[in-house]
Amino acid sequence: MISTQLNSVQQHQTGNVDANEIDKFSQLAHKWWDKESEFKPLHDINPLRLTFIDSYAHLANKKILDIGCGGGILTEAMAKAEAQSVTGIDLAKKSLKIAQLHALQEQLSNISYRLISAEDMASEMSAAFEVITCMEMLEHVPDPGSIVRACGKLVQPGGIVCFSTINRNPKSYFQAIIAAEYLLKLTPRGTHDFRKFITPAELARLCRQAGLEWLGCSGFTYNPLSKQYRLTDSMDVNYMVACRRP
Ligand code: SAH
């Protein structure tokens, strides 16, 4: 059943949220499902990341949490991969409304959405999910370590946590900001702040500190000529990681 909990705005936010980021995504919320919009890159990479996540997490029949779910692009794909249930959480209310409506249209009965932070969710429940995804979100929060720690609490022992984010180096500055935002105009200007990018070594340390064991990783890259994304061994720019709670 589609959750109606969107109306119960959480009273206890942890403060690990950048209001400008939430505002930015809220303003674009009506475009989440327009595949030619600012969200085109997320639609385009969705099959790649679904394949990556499923190869570690075997989504069918799993209880899944999608942190920073936005309009539900990945959330829905995981629901359609026959998850037992997928809960999407985000702090942008407008995005969640869009996500909720879209899931209704798609008649997905195994999805629910909640306006709650990962940290508040972790203090409300622990070891509640078999799989957690947190894609393209860590680079939008003030303290990514706090999100990773929340994931470590929310996932069951033996469960899988997948992250994706953007590496921080001159190449990622050129590709993810100069090329994507200015030259190719794949994403709106100001989508990303270089200082918030996270190196794989930094993410590995955050995962270790959260009690998560690194299982594997993959990069993905965009070819402006073919306009296609593909998986690559290089983690220089965009990359995904799969971890396990022992
Ligand atoms: N994970 C989705 C959306 C990525 S866009 C996908 O990959 O398709 C980043 C999302 O993170 C936005 O929806 C934004 O509202 C959300 N976000 C930013 N800061 C957040 C926070 N502190 N807590 C929860 N969600 C947050």
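The paragraphs below walk through this predicted model, from the overall fold to single residues. Residue numbers start at 1 in each chain and follow the sequence as written. Local features need pLDDT of at least 70 and side-chain atom pairs count only at pLDDT 80 or more, while totals for chains, interfaces and linings use all residues; side-chain values use heavy atoms, with hydrogens and water left out.

Start with the whole chain. The protein chain holds eight helices and eight strands. Helices (H or I, at least four residues) and strands (E, at least two) are DSSP runs, numbered from the N terminus. The C-alpha trace spans about 40 × 40 × 35 Å along its principal axes. The radius of gyration, taken over C-alpha atoms, is compared with a globule rule of 2.2 Å times the number of residues to the power 0.38. For 246 residues a compact globule would come near 18 Å; the protein chain has 17 Å, which agrees.

Next, burial and surface. Of the 246 residues, 54% are buried. Buried means under 20% relative accessible area, exposed over 50%, and partly exposed in between (1.4 Å probe, protein chains only). The accessible surface is about 11,300 Å², and 52% of it belongs to carbon and sulfur atoms. These areas come from the Shrake-Rupley method with a 1.4 Å probe; for residues, only the protein chains shown count as cover.

Contacts mean heavy atoms within 4.5 Å. Among contacts between residues at least 6 apart in sequence, 72% join residues at least 24 apart.

Now go inside. A nonpolar core is a set of buried Ala, Val, Leu, Ile, Met, Phe, Trp, Tyr and Cys residues joined through side-chain atoms within 4.5 Å. The largest such core has 34 residues, and those with the most contacts inside it are Ile53, Leu59, Ile64, Tyr113 and Cys162. At least two core residues come from each of helices H2 (40-57), H3 (73-80) and H4 (93-105), and from each of strands E3 (111-115), E4 (129-135), E5 (155-166) and E8 (238-244). H2 gives the largest share, six residues. Another core lies apart from this one; it has 32 residues, among them Met121, Phe163, Leu203 and Leu212.

Which residues does isoleucine 53 touch, not counting those up to four places away in sequence? They are His58, Leu59, Leu74, Thr133, Met135 and Cys162.

The buried set is Ile73, Leu74, Thr75, Glu76, Ala77, Met78 and Ala79. Their cover includes H2, strand E1 (63-67), strand E2 (85-90), H4, E3 and E4. After H3 comes glutamate 82, whose phi is positive, near 70°.

Most residues other than glycine have a negative phi. Two loop residues also deserve a look. Alanine 127 sits in the loop between helix H5 (118-124) and E4, and its phi is near 45°. Its relative accessibility is 29%, so alanine 127 counts as partly exposed. Lysine 185 has a phi near 55°. Its loop runs between helix H7 (170-183) and helix H8 (200-209). Lysine 185 is exposed, because its relative accessible area is 58%.

End at lysine 227, in the loop between strand E6 (213-223) and strand E7 (228-232). Lysine 227 counts as exposed because its relative accessibility is 57%. Aspartate 44 is 183 residues away from lysine 227 along the chain, yet their C-alpha atoms are separated by 9.5 Å.
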